[in-house]
Amino acid sequence: MGDGGVVVIGGTEGLGWGVAGHYAKVGRRVVISGRDPARAASRAAELGGDVTGIGFDLAEPATIGPAVADVPGPIDHLVLAALERDQNAVRDYDVAAAIRLVTLKLVGYTEVVHAMLDRLHDDSSILLFGGLAKDKPYPGSTTVTTVNHGVDGLVRTMSVELRPIRVNAIHPGIVGDSPYWSGKDQALAAVRQRALTGRYVAMSEIVDAAVMMLENTSIAATELRVDGGWHLPL
């Protein structure tokens with residue numbers, strides 16, 4: 001394990017919060033980001049230890065460089081976990097919502113890496129979060145499905161351009177104990193029936209997989225599904 005920092009973009013809630021919490025517990029220097037600087041600072045204080053919070057909107061790429069300028073290096077692990085949920089169908093297309101999500105997930109992710117590249121080093125790793133909508137589209141997932149395929153494209157091009165820095169993606173399935181799925185028991189029952197494991201994925205399992213991809217020095221240019229086999233047709 002290195003002695004550099006861990007940066008989790010989108011680390012104020014959900015899966016990013018889980019990854020940040022793991023590294024805070026083992027005593028790493030951690031920076032988390034969210035859209036609201038005050039909330040990011042408050043969430044950082046909840047984690048305790050050497051954790052700080054910063055705020056910016058990934059969908060406004062011109063603001064990213066200034067916002068991350070003071071994040072100290074070296075950075076061992078950079079996690080891009082921020083997401084937004086967009087229900088956007090072709091027949092009833094919301095152009096503004098689509099542009100925001102594409103900008104956030106593809107341009108924003110890339111600009112973060114660009115802006116922080118001077119603090120990464122040859123043994124650093126980058127992990128991008130996608131999602132299983134790329135393999136299992138649903139009505140209204142037009143933009144979500146597209147950008148999650150784009151995440152895999154970013155892994156490939158960044159892996160070539162930034163070598164030997166390792167770049168990977170993780171595509172979580174439905175994470176049943178996440179705040180988003182709280183109270184959606186009927187939908188979760190259907191997930192359990194379709195998953196080969198007979199259950200939904202847990203947040204702790206996504207965190208474990210993310211840490212493995214960040215720290216295993218032979219995992220590179222890889223897109224990992226963590227969904228209990230839900231992606232296979234049954």
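Phe 56 is in contact (heavy atoms within 4.5 Å) with Ile 9, Ser 33, Gly 34, Arg 35, Thr 63, Ile 64, Ala 67, Val 68 and Val 112, leaving aside its neighbours within four places in sequence. The model is predicted, so local features need pLDDT of at least 70 and side-chain atom pairs count only at pLDDT 80 or more, while totals for chains, interfaces and linings use all residues. Residues are numbered from 1 along each chain as its sequence is written, and side-chain values use heavy atoms, with hydrogens and water left out.

Phe 56 is found in the loop between strand S3 (51-55) and H3. Helices (H or I, at least four residues) and strands (E, at least two) are DSSP runs, numbered from the N terminus. With a relative accessible area of 6%, Phe 56 is buried. Buried means under 20% relative accessible area, exposed over 50%, and partly exposed in between, with a 1.4 Å probe and protein chains only. Phe 56 and Ala 82 are 26 residues apart in sequence. Their C-alpha atoms are 11 Å apart in space.

Two helix pairs were examined. The axes of helix H1 (residues 14-25) and helix H2 (residues 37-47) come within 10 Å. They cross at roughly 45°. Axes are lines fitted to C-alpha atoms, for helices over the stretch in contact, and angles run from 0 to 180 degrees between N-to-C directions. H1 and H2 are therefore oblique to each other. Angles under 35 degrees count as roughly parallel, over 145 as roughly antiparallel, 65 to 115 as roughly perpendicular and the rest as oblique. The crossing of H1 past H2 is right-handed. A crossing is right-handed if the near helix is turned clockwise from the far one by less than a right angle, and left-handed if anticlockwise. On the H1 side, Trp 17, Ala 20, Gly 21 and Ala 24 take part; they meet Arg 43, Glu 46 and Leu 47 in H2.

Arg 43 also lies over the face of Trp 17, at 3.6 Å from the ring centre. A charge sits over a ring if NZ of Lys or CZ of Arg is within 6 Å of the ring centre and within 35 degrees of the ring normal. Aromatic pairs are another matter: a search of the whole structure finds 0. Rings of Phe, Tyr and Trp (its six-membered ring) pair if their centres lie within 6.5 Å; planes under 30 degrees apart count as stacked, over 60 as edge-to-face and the rest as tilted.

The axes of H4 and H5 come within 10 Å and cross at roughly 15°. That makes H4 roughly parallel to H5. H4 passes H5 in a right-handed crossing. From H4, the contact involves Ala 98, Leu 101, Val 102, Lys 105, Leu 106, Tyr 109, Thr 110 and Val 113. From H5, it involves Thr 143, Val 144, Val 147, Asn 148, Gly 150, Val 151, Leu 154, Met 158 and Leu 162. Thr 103 lies in helix H4 (residues 95-116). Thr 103 is buried, at a relative accessible area of 16%. Beyond neighbours within four places in sequence, Thr 103 is in contact with Leu 58, Ala 59, Pro 61 and Gly 108.

Backbone geometry was examined next. Most residues other than glycine have a negative phi, and most peptide bonds are trans. The peptide bond from Gly 73 to Pro 74 is cis, with omega near -5°. Pro 74 is found in the loop between helix H3 (64-68) and strand S4 (75-80). The bond from Arg 163 to Pro 164 is also cis, with omega near 10°. Pro 164 has its place in the loop between helix H5 (142-162) and strand S6 (166-172). Ala 221 is not a glycine, yet has a positive phi of about 55°. The loop between helix H7 (203-215) and strand S7 (223-226) holds Ala 221. Ala 221 is partly exposed, with a relative accessible area of 40%.

Ile 174 lies in the loop between S6 and helix H6 (185-194). At 16% relative accessibility, Ile 174 is buried. Its contacts, leaving aside neighbours within four places in sequence, are Trp 181, Leu 188, Val 191, Tyr 200, Val 201 and Trp 230. Tyr 200 is also touched by Glu 205, as is Arg 199, not counting residues up to four places away in sequence. Glu 205 is found in helix H7. Glu 205 is partly exposed, with a relative accessible area of 26%. Gly 229 lies in the segment after S7 and is buried, with a relative accessible area of 11%.
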